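User: Please go through this model with me. I would like each label set against its definition.

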Amino acid sequence: MSSSLPRSTRKRAAAFPNEAIVSRSISTKRSTEIEAATTSNVSSTPTAIKPHQDCNLLSDWLHHSHYSYHIDTFLSPARAYAIRLALVNWYRANRRKLPWRGDIGPYDGSTAGFGGAATAGKGDARKKKGGKSDTLAKKDIRSYFCGSADQTKVDSDASTGEEKKQEEGVQSADSNVEKGRLLPPEKRDVTAYGVWVSEIMLQQTRVEAVIPYYLKWMQSFPTVQFLANASHDEVNSHWAGLGFYRRARLLHQGAKRVVSDYDGIVPNTVEELMKVEGIGRYTASAIASIAYGVDVPVVDGNVCRVLSRLTGVANHIKAGVLKDDLGWVLAEKIIKAKSGGDGESHTQKDDVIGSPGEVNQALMELGATYCSPSGSGIEEGDPLKDFYASTQLGVAIGLAMKCDSLASTQIVAGIHAGKSQCRLCDPDGVSSVFYDVVDRINTSSKTTNLSPQMVSAISGHAAIPMPPPKKAKRQEVLAVGVICLQHTNKNDDCWLMVKRPSDGLLAGQWEFPSVCLWSSGQKDSKAKSSPGKLSDDVQVPYIDASVRSTELNSYIRDLFQSTASAANVKKEISSASKNRVRIDDPIVHIFSHVCHTMWVEYSKLNSTKFDCETRWTLKDGREAGWFTANDMRSVGITSGVRKVLALVEENQ
């Protein structure tokens, strides 16, 4: 065995024969073993009976050098057409009922009922990880404040009743039901504006979480004109809790653009849609295909996963070449497949092969359900189980491992002779996937009662696409000051709030005064620290309590320098600083790219010297002001602020 190969490679090579024996093994067993695993239920679609007849499947995949291999081998016209038919038939029979699809309630955004879905497990994990604060953070905003418990219950009951009334109103007014059944797709009320709103909300947010937000949004802003005329705070209050607040700001700006430049009519072409703020290629294509029936593909992470498994792409779904470039070429092959190929020139109608919007939604739906990251690729309900290259490659690798022959490094050396030249695959992707499948087969074979063929198929499906490279989140340590002003001229307790900058994280949102004491993205820290916990491979320091208080005191004093009553309240501010209560344990709040460790201090003031009716402008151009519970409710507060309120409530 060649000593020039890495030790791990030499060790794995012992499981394989030379390349010639691999090819011969696949050639003799292909028709009986591999085809049996990949063509179990395709008699009704003859073009899919033998999705790939080349006996050198594994060898060809290991050594391919151009992205056209994935198209020619796995997305021929006949095969793409069969995939389209299977997708549309499955989608029409099994799709989730969602409001933006013209359905009526009750809605079901969960993917827990699908065998390949992992959503339910993740949800449970989030609940356990977040603990009590996460649960409390979901309560009605007014429940965090001192006051009549009975009144809070009445308000909550009234709110719940109003929400039920609104939901019932939506259902009774909906025209998409005829004697208890859904109307055909062409008769459903699907609007470009509704698709636009849903697609923006669904970006990096679970479907089941979006549904109530979407319903409330469409009740308040039923048309693009209503949204364009809404205030910034009104928009924020409807978005609060969804996260990624920049989406709401751009959606608001985009509505104004549509009203001013397009007479309030959402454009119907990808080119024009992309001129609107917040609409990129993906959203533009979704609106055009779903609302207007334009023949364009839609590619997101879920679709990239489906395409990778259909065509054997050895890359991760966030790779630019897949999600922004050639992935669209692959998806277009399915969208443009209008006939069975093989000389068939007659184009089928949409009622047979599905509209472009149906095909795109079917791909996205499949990626969120059966073809989720935990999908097996062999489940009975998966419409594309007979078409996945991933399962075929897994079976082929499993067969190669079982060949009886002296070990050879020839096939392994062939893989390592040079990096992949295929643009779609990662340079090291083919070898990485190959060895990943081998490891999975070896591990699973010892712990399962499944047949070797099923183990191999599942292993291949699990290894494709590759996991994306992990990017460590930026870590920040914050000191947060919660100041409650009691017995004010508003007859309600007020809380000091500061508006965040108009750009960046949580742009334009209101929060409690806070100071960033340390950031993993900065070399210099404001404060001396001692070793703390490790998070995302970054050591988050423990900031001494005295340092936290000093920084917070300085910041809060500065907040009031811009007010007319600064001199009159100096004594009260000083008193509040001395009497602030430090909460021993911090809150950890995680965003997509940053993680906040928040040390909270709170205090109460009892004074009439503060002007609670006005907001004032700070030196940096931001706003500050005193907010009652109802004020917070009207502008909307983030889940991070809710967590802080929950922590204060726990420690009072």
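**Cores, a helix pair and one arginine**

Analyst: The largest nonpolar core has 115 residues, and W61, Y193, W196, W217 and L384 have the most contacts inside it. Helix α5 (residues 77–94) gives the most to this core, with ten residues. A second, separate core of 28 residues includes A479, V498, Y555 and L605. This is a predicted model, in which local features need pLDDT of at least 70 and side-chain atom pairs count only at pLDDT 80 or more, while totals for chains, interfaces and linings use all residues. Residues are numbered from 1 along each chain as its sequence is written, and side-chain values use heavy atoms, with hydrogens and water left out.

User: What makes a set of residues a nonpolar core?

Analyst: Its members are buried Ala, Val, Leu, Ile, Met, Phe, Trp, Tyr and Cys residues joined through side-chain atoms within 4.5 Å.

User: Why is R249 called buried?

Analyst: R249 has a relative accessible area of 17%, and buried means under 20% (exposed is over 50%, partly exposed in between; 1.4 Å probe, protein chains only). R249 is therefore buried. Its place is in helix α12 (residues 246–261).

User: Why is α11 called oblique to α12?

Analyst: The axes of α11 (residues 232–239) and α12 come within 10 Å and cross at roughly 135°. Angles under 35 degrees count as roughly parallel, over 145 as roughly antiparallel, 65 to 115 as roughly perpendicular and the rest as oblique. So α11 is oblique to α12.

Technical notes:
Helices (H or I, at least four residues) and strands (E, at least two) are DSSP runs, numbered from the N terminus. Axes are lines fitted to C-alpha atoms, for helices over the stretch in contact, and angles run from 0 to 180 degrees between N-to-C directions.
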